[in-house]
Amino acid sequence: MAEKLSNYKVNTFNQELLQCVAISFFIRRLEATEQDFFDYISIEMEDGDDILKGINAEYNVKTNLKVFNTTSEMGIGWVKSSISIAKFLIQKLNLNSNYTVYHQKSKFGRLIKDECIKRIIEDLDLKKFSDEPDVYNPTDIWIVKEAKVDQIETRLKNKIINAPVGVVTQNYLSNRYTYKSIIASFFRTKDLYQISLKKASASGTVKYRMIGSLYGIPAQDIDPYTKFISIIDDFVKENNEGKFKQLISDLVLVRKINYSDEVLQPNVTFTLRYGQLDVSNQILGENENWKLDTPGNTFNMQKIGGTSWSGGLNFNGIHLALKNYNQYMTIFREMKQIRYKSFKNLYEQLFPGKQVPTDIAKILLRKDEIIYKQGDLSKIKQSLENEQNYKQFLVNTIKELSGPYRGEKSLYGVTTTGSIDIQKKIKDENGIESIVNKLKDGQSAIALSINPIKKGDTIVTYTDKTNYKQITKKSSFNTIKVNDVIFMRSINSNGKEISTVDVKTRVKRVNLRTKTIELTKPITAAGGGNIVAVIFNPIQSNILSDTKLIAVKTKILEQKFSKLQPFWMFMRGGPQRLRDFLKKQIVLTIYGMVSKKGGKIFEHNFSKGKTIGNQLKTKNALEKYIIPQFAIVGD
C-alpha cells in the first residue's frame, strides 16, 4: 500500500477536483465502497486512467490529488464528503457512465462560465455590480452527458460568445436564447447539471437545493430565495407594496445583533422562515438559522451549525444594491456625517484656523462607496501629518460608530460575549477581596444600600446610593437596567469589605418610585450586617477603553473602521428596530447576493416600478434573471 502523507493543506481547487474524481469514480463503479475509493486514491490513481479521463480538468495527479492520500483528519474529512456527495448525486440525478464531470478550470468550464459571463457583462453593462464570473454563475463543476458537449458549446458560442454586438442584449430583453434559457434547456433534457459545492456534514448527510428555477423541480428542492424571486414579481406588477413588505416580514426574522469589541467583529443572526413561501400545493414549514458576519471587508453568510461559508461580497458591492432603498440612504448619510465630524473635530483641534481639505471632505462624504480602500485611507493619513494623529481619527470614529455598544446598550438590543466572573476573588493592594477591581474602564456600576434580605427573596428594597470607594474609584454611577448582575457585599462601618455573597441573580424589573428591584431568580444566600449590592451591566465588560484602542495596530483599526461603517444600519435603533422592515430587507438582500441566489432582483423601487436594468417589469423575472439554474449540494 502506498505510504500516506501526514500533512494536508486546504486548497479549494484540489477539493473541487477531488469531487470531480469521486463522481467520475462512482458512476463508473456503481457498486464501489468508500474503502474502494480510498484505495483508488492511494494505489490505483494514475494519469490517463478511465476515471481521470472522465473529469477533463487541468491538473497534476501528484500535487492536486495525491494530497488526499493523507492521515490528516481534515483531508480524510474532505474525501468522505466527496464520497457522500458523489453517491447522493448519482442517485438524485440518475447518473451513469454516459456522463462526464468538468471542473470550472477545464476548457469546458472556462467556456461556459468565464467566456459567456465576460460577454454578458459587456453587453448588459453589469460592471457596476461586479465583473467577477462567480457572482453571475457560482458553479464549481458541471456534470454533462458526453454526447451533448459539442452541441452545448456550439449553442453558447453562436448565441452569446461570438454573437454580433447588441444581440445578447436583444435576446435578454426578449427572453430568447439567454444564458439562463440555454442552460435551462439542457437541464430539462437532463444533459447538463450545474453544481455549486459545499462540504457535506460529518454524518454524511447531503443537502440539495435548486437555485434559479421552479420548472420541473420538486417543491422540497427549491431554494427559498428562488421561491422569493418567483413570488415578488407578482407584487411588483400589481404595485402592491403592502404585500411585498408582508412577504419579507413573514420570511425573515432578525434575532440578535452580536458584537465583540475585543476581536473587533460584529455579526447578525437571523432566521429564514422558508415555510412562508408557497410556490406549489405544499408548505414546507422549514426554518434555518444564519449568521451574517464580517471577515475582512466583506459580508459573509454562514448557516448556524453548517460546515462552511456560503460566500462573500465586499461592502461596496453590497452598498450598490442597498443604496436603492430610500431608508437605507438616510442611515448611510447619518454614517457619513459621523465619520466626517470625527475628522473635522480632530482636524480643527490639530490645525486651528484651517478648514478640512476639499479632497478629504469628498472622500469622507462620498456617496458611492463605503471607505475601506487603502488609497483613501492613505490620503486621510497624509492630511493628518503623522500616524499618531491618523490613529486618533480612527479611534474617534470607531468610538462614534460603536456608540450603540457603549453606555446605554439596552436601548439597542445588543448583546456581546464575555462578562465579569463575580465568583472569582481577587486581592487588592490592601489584601481585601474586591471583585469590583475587575471592572474595566468605562464600565458602569452602582452601589446601593440594601434593606434586610433573606434567602429566597425575589424582591429587594434599597435606600440611597452608597459612596463605596472601591466602586467609585473604578467606575461611575449609572441607571439600573434589566439583566444587570447583582452580588452582595458585607461591609463594616469603616467601609471595609467583610465578605462577598454570590446571589446568582439579575435585575428583572426596577421601580424607582418605591425603590424596589425584582430579581430574575430568588436570592440563594442570606445576608447580614451592612449589605451593599453592587450592580453592573455585564454586556459592557468587553468594551475596549480609549487607551487600549489607541494601542491597537493601525491595520486592525483600519479594519474595524471599515467594518463598523456598513454595520451602522444594524447598530442604530432599539430592540423594536430588530423587527423593522428595512433591516429584514437588508438581511434578505445580502443573503441573496452573498449566497449567489439572486440579490440583484431585490433592487426595486415601487414608486418607479423598476428592477434590475429597468427591464424586469413582468411576471417573468425569474426566467429573465441572469443567474442560470444550478444546485447547491453539501451542507
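**Salt bridges and cores**

User: Let's start with Arg366: what is its relative accessible area, and is it buried or exposed or in between?
Analyst: Arg366 has a relative accessible area of 26%, so it counts as partly exposed. Keep in mind that this is a predicted model.

User: Which residue does Arg366 form a salt bridge with?
Analyst: Asp376, and the closest N and O atoms of the two are 3.0 Å apart. Arg366 sits in the loop between helix H15 (358-364) and helix H16 (374-383), while Asp376 is in helix H16, ten residues away.

User: And how accessible is Asp376?
Analyst: Asp376 is buried, at 9% relative accessible area.

User: Which residues are in that salt-bridge network?
Analyst: Shared partners join Arg366, Glu369, Lys373 and Asp376 into one network.

User: How many salt bridges are there by this rule?
Analyst: The count is 14. Among them is Arg29 with Glu44, with closest N and O atoms 3.1 Å apart. Arg29 lies in the loop between helix H1 (12-28) and helix H2 (34-44), and Glu44 in helix H2, so the pair ties together parts 15 residues apart in sequence.

User: Changing topic: which residues have the most contacts inside the largest nonpolar core?
Analyst: Tyr328, Ile380, Phe393 and Ile590, in a core of 104 residues. Helix H14 (residues 326-350) contributes the most to this core, with ten residues.

User: What is Ile380 in contact with, leaving aside neighbours within four places in sequence?
Analyst: Phe343, Ile360, Ile363, Leu364, Tyr390 and Phe393.

User: How many residues are in the second, separate core?
Analyst: That one has 47 residues, including Val21, Ile55, Val79 and Leu197.

Note on methods
Residues numbered from 1 in each chain as written. Predicted model: local features only at pLDDT ≥ 70, side-chain atom pairs only at ≥ 80, totals over all residues. Heavy atoms only, no water. Core = buried A, V, L, I, M, F, W, Y, C linked by side-chain atoms within 4.5 Å. Buried < 20%, exposed > 50% of the residue type's maximum accessible area, 1.4 Å probe, protein only. Helix = DSSP H or I, 4+ residues; strand = E, 2+ residues; numbered from the N terminus. Contact = heavy atoms within 4.5 Å. Salt bridge = Lys/Arg side-chain N within 4 Å of Asp/Glu carboxyl O.
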